[in-house]
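Here is my note on the model, point by point. Please keep the structure open while you read.

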Amino acid sequence: MKRIFIIIISVLAISCHQDTTEFLYFGTYRANLQVDDITTLPFVFKVKDANTLEIYNAEEVITVDEIEYKNDSVFIQMPVFESYIKAKIKDRKLTGQYITEGKDRSVPFTAAPAKTRFETTKKPNTNITGSWETTFSPNTDDSYKAKGIFTQNGNTVTGTFRTETGDYRYLDGVINGDQMQLSTFDGAHAFLFTATVTDSTLNGAFYSGNHWKEPFTAFKNENFELKAADSLTYLKDGYETLAFSFPDENGNLISLTDDRFKDKVVVVQIMGTWCPNCLDESNYYAQYYKDIKDKDIEFVALAFEYAKTEETAFKNIKRLKDRVGINYPIVLAQTGTTSKSKANEKLPMLNHVLSYPTSIFVDKTGKVRKIHTGFNGPATGDKFIEFKDEFTTFMNMLINE
């Protein structure tokens, strides 16, 4: 009798605990990341069920299906990347932090039911559709060029900034009078661009989470182009080949001299599991590799990771391979830093490692034939299509030699 009584009390205790657990409610939310004392970076997500939500950035839809409820908090794990959101739910509102443990970063996070990313109260003063020659951190030693590509429909603006090392993802926002606001959130990067707009100029600020802010200026220039991606990184004089030896997840050292790569065209991908542009490139390469598996082509990725231990780095590599479906080897080239100068020490035959990602094309004789810096992902539209056409044409040429 005493045992039955204890069981009943235990069941009641569990039931009471379950009754107090708050779950995500269905519907559309506007989330805000607090990037400084007065500025928030918004993005929109839709809860499909208690364990699934979708994040929207212009045409991009990111499905998040790793959601856990612990005690009084919900943990929303970003797909592929290590970052997660930890928040408490009350009255359909979320309050917490967006956390990247490997970088010791945390950004205040809130969310509440809403349909729109940004509020608009004024008609736009101008239309910014077109191409913009852009300079980030102008008049400094850290200055660099970009190309803004935008489409505007009423108050709504979408597009991206292309740089020589990659693009700034799917940007989604508005023009409210003479004020432009664009943002994106992909689980690894949280970007916000604000600017005052005229019919021919943009003057504004770029925020990356709450750890980086820099000014930018832009003027409309339909003829502006960045430097060619194939001209930025190259072999130093005296080198014709690429050499490395790095471990895979089983501790095996992988080198281009291995039988796997003999008499084959090889694409060597310099990348990191933390890098959204690398993810875009990996998605494309993984599918291409599956489609041409019977041809004399191999891929190998060299991962440069900020994870502090090899164990964590390989865990992140496995997560990327499983989520994307990558069947080619990803070896660990570096841990503890993503410094490009440190990466260059691992590949001293290169003039520099300028970008994650960078792709090195090696022909069947082992000679480096081309090095492509950066990646123009799906957010770049026609440029992404152009890259795919050039890639397949060049690969077919190497295969048929």
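1. Terms for the elements. Helices (H or I, at least four residues) and strands (E, at least two) are DSSP runs, numbered from the N terminus. This is a predicted model, where local features need pLDDT of at least 70, side-chain atom pairs count only at pLDDT 80 or more, and totals for chains, interfaces and linings use all residues. Residues are numbered from 1 along each chain as its sequence is written, and side-chain values use heavy atoms, with hydrogens and water left out.

2. Start with the nine strands that form an open sheet in the order 4-3-2-1-9-8-7-6-5. Their pairing is antiparallel. Two strands pair if DSSP finds at least two bridges between them. Strand 4 and strand 5 (66-70) are the edges, and each pairs on one side only. On average, neighbouring strands of this sheet are turned by 25° against each other, direction ignored. Axes here are lines fitted to C-alpha atoms, for helices over the stretch in contact, and angles run from 0 to 180 degrees between N-to-C directions.

3. Strand 1 with strand 9. Strand 1 covers residues 27-34 and runs antiparallel to strand 9, with five bridges joining them. Look for A31, which stands opposite A111 in strand 9.

4. Two hairpins. Strand 7 (residues 84-90) and strand 8 pair over seven bridges in the antiparallel sense. K88 faces T95 of strand 8 as its opposite residue. These two strands, strand 7 and strand 8, form a hairpin with two residues between them. D91 in that turn has a positive phi of about 55°. Strand 8 also pairs with strand 9, again antiparallel and over seven bridges. Here I99 has S106 in strand 9 as its bridge partner. The hairpin of strand 8 and strand 9 has four residues between the strands, and D104 takes a positive phi near 55°.

5. How the space is found. Rolling a probe the size of a water molecule over the atoms shows where empty space is left. On a 1 Å grid over the protein atoms alone, a cavity is a set of points where a 1.4 Å probe fits but cannot get out. A pocket is an open set with protein on both sides within 12 Å along at least five of seven lines, and lining residues have an atom within 4 Å of a point. Grid points are joined across faces, edges and corners, and a volume is the space filled by probe spheres set on the points.

6. The largest pocket. Its volume is about 1300 Å³. The lining of the largest pocket has 47 residues, and Y168, H189, F191, W274 and K340 lie nearest the centre. Elements that give two or more residues to this lining include strand 8 (93-100), strand 9 (105-113) and helix 2 (276-291). Strand 9 gives the most, with three residues. By class, this lining has 18 nonpolar, 17 polar and 12 charged residues. Ala, Val, Leu, Ile, Met, Phe, Trp, Tyr, Cys and Pro count as nonpolar, Asp, Glu, Lys and Arg as charged, and the others, Gly among them, as polar.

7. The second largest pocket. This one holds about 340 Å³ of space. Its lining has 16 residues, with E60, I62, V80, L279 and N283 nearest the centre. Strand 4 (60-64), helix 2 and helix 3 (310-324) each supply at least two residues of this lining. Strand 4 has the largest share, four residues. Nine lining residues are nonpolar, two are polar and five are charged.

8. The largest cavity. Which residues line the largest cavity? They are F43, F45, L53, I55, I76, M78, I85 and F109. The volume of the largest cavity is about 40 Å³. Strand 2 (40-49) and strand 3 (52-57) each supply at least two residues of its lining. By class, that lining has eight nonpolar, no polar and no charged residues.

9. The second largest cavity. About 30 Å³ of space lies here. F361, K370, H372, F387, E390 and F391 form the lining. Helix 5 gives the most to this lining, with three residues.

10. Helix 2 and helix 5. Helix 5 covers residues 382-399 and packs against helix 2 at an angle of about 40°, with their axes 13 Å apart. Angles under 35 degrees count as roughly parallel, over 145 as roughly antiparallel, 65 to 115 as roughly perpendicular and the rest as oblique. Helix 2 and helix 5 are therefore oblique to each other.
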